[in-house]
Amino acid sequence: MRRILKIFVFSIVLLVLIYIGLVIGTLTAQPEIETISSDYARRGGTAVVITGAAARIAQEVALLEKLQQSGWLSDVCFISGTSSGALNTVMLNSILENKFSWQRYHAILFNLRNENIFLKYDRTLPVDIAPLQGLLKKVINDSLGYHNLGDLPYHSSISISDFDLVPPFSKTY
């Protein structure tokens with residue numbers, strides 16, 4: 001129990017330090033002025049990149065919620081997510097567009113179980129991520145009313161790996 005408490009406290013301290021670093025970095029940042037050819041238009045704004053690892057999904061949601069509440073996500077131009085971060089990518093799109101609230105997302109998120117994200121047939125890799133793909137389609141199509149990823153209000157990309165392990169002595173090219 002003490003180990004779990006230490007890990008939890010460490011995670012909170014780490015998130016606070018990251019947040020403080022972002023604040024200090026923003027306050028001291030001096031953007032460089034660069035010349036851009038007339039062929040390309042400059043796009044400004046914040047790009048949000050969300051990692052995978054389902055164990056961190058709730059921590060990522062808490063961080064994204066705090067960043068949005070403090071105004072750091074007011075000029076988002078691109079959102080990208082990998083694996084479980086793909087779900088956060090879709091949901092952040094809908095929250096920034098006021099189609100979803102953080103409370104509604106919390107209700108969905110905290111009712112998810114492993115079998116809603118992946119199926120593990122044995123105790124080996126790979127896992128079947130069809131449930132995550134189905135969940136994303138359900139959220140994008142049914143809950144948000146979009147027909148595909150390109151319909152999301154912010155430029156977005158998601159990456160979901162579905163792979164078979166390659167035997168160690170087979171060719172890998």
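Trainee: What does Asp128 count as, going by relative accessibility?

Mentor: Asp128 counts as partly exposed, because its relative accessibility is 22%. Buried means under 20% relative accessible area, exposed means over 50%, and partly exposed is in between (1.4 Å probe, protein chains only). Keep in mind that this is a predicted model: local features need pLDDT of at least 70, side-chain atom pairs count only at pLDDT 80 or more, and totals for chains, interfaces and linings use all residues. Residue numbers start from 1 along each chain as its sequence is written, and side-chain values use heavy atoms, with hydrogens and water left out.

Trainee: OK. Where does Asp128 lie?

Mentor: In the loop between helix 5 (114–117) and helix 6. Helices (H or I, at least four residues) and strands (E, at least two) are DSSP runs, numbered from the N terminus.

Trainee: And what does Asp128 touch?

Mentor: Ile117, Phe118, Leu119 and Tyr121, not counting residues up to four places away in sequence. Contact means heavy atoms within 4.5 Å. Look at Glu115 as well: Asp128 is 13 residues from Glu115 in sequence and 9.7 Å from it in space, C-alpha to C-alpha.

Trainee: Zooming out, how many helices and strands are there in the protein?

Mentor: Six helices and three strands. From the N terminus on, they run α-β-α-β-α-α-α-α-β. Of the 173 residues in the protein, 27% are buried.

Trainee: Which residues touch the most other members of the largest nonpolar core?

Mentor: Val48, Ile79, Leu87, Leu92 and Tyr105, out of 31 residues in that core. A nonpolar core is a set of buried Ala, Val, Leu, Ile, Met, Phe, Trp, Tyr and Cys residues joined through side-chain atoms within 4.5 Å. The elements giving two or more residues to this core are strand 1 (46–50), helix 2, strand 2 (76–82), helix 3 (84–96), helix 4 and helix 6 (130–143). Helix 3 gives the most, with seven residues.

Trainee: Take Val48. What does Val48 touch?

Mentor: Leu64, Leu73, Val76, Phe78, Ile79, Ser80 and Leu92, with residues up to four places away in sequence not counted.

Trainee: Now helix packing. At what angle do the axes of helix 3 and helix 6 cross?

Mentor: Roughly 0°, and the axes come within 10 Å. So helix 3 is roughly parallel to helix 6. Axes are lines fitted to C-alpha atoms, for helices over the stretch in contact, and angles run from 0 to 180 degrees between N-to-C directions. Angles under 35 degrees count as roughly parallel, over 145 as roughly antiparallel, 65 to 115 as roughly perpendicular, and the rest as oblique.

Trainee: Which residues in helix 3 and helix 6 meet?

Mentor: Ser84, Ala86, Leu87, Val90 and Met91 in helix 3 meet Leu132, Leu135, Leu136, Val139 and Ile140 in helix 6. The residues of this contact divide into nine nonpolar, one polar and no charged. Here Ala, Val, Leu, Ile, Met, Phe, Trp, Tyr, Cys and Pro count as nonpolar, Asp, Glu, Lys and Arg as charged, and the others, Gly among them, as polar.

Trainee: What about helix 2 and helix 4: how do their axes cross?

Mentor: The axes of helix 2 (residues 57–69) and helix 4 (residues 102–109) cross at roughly 180° and come within 12 Å. Helix 2 is therefore roughly antiparallel to helix 4. Helix 2 brings Ile57, Ala58, Val61, Leu64, Glu65 and Gln68 to the contact, and helix 4 brings Trp102, Tyr105, His106 and Leu109. Those residues divide into seven nonpolar, two polar and one charged.

Trainee: Glu60 is in helix 2 too. Why does Glu60 count as it does for accessibility?

Mentor: Glu60 counts as buried because its relative accessibility is 13%. Its side chain makes a polar contact with the side chain of Thr51 (2.8 Å). A polar contact is a pair of N or O atoms within 3.5 Å; within protein, one must be able to donate a hydrogen and the other to accept it, and residues adjacent in sequence count only if both atoms are side-chain atoms. Glu60 is also in contact with Asn88, among others.

Trainee: And Asn88, buried or exposed?

Mentor: Buried, with a relative accessible area of 1%. Asn88 lies in helix 3.
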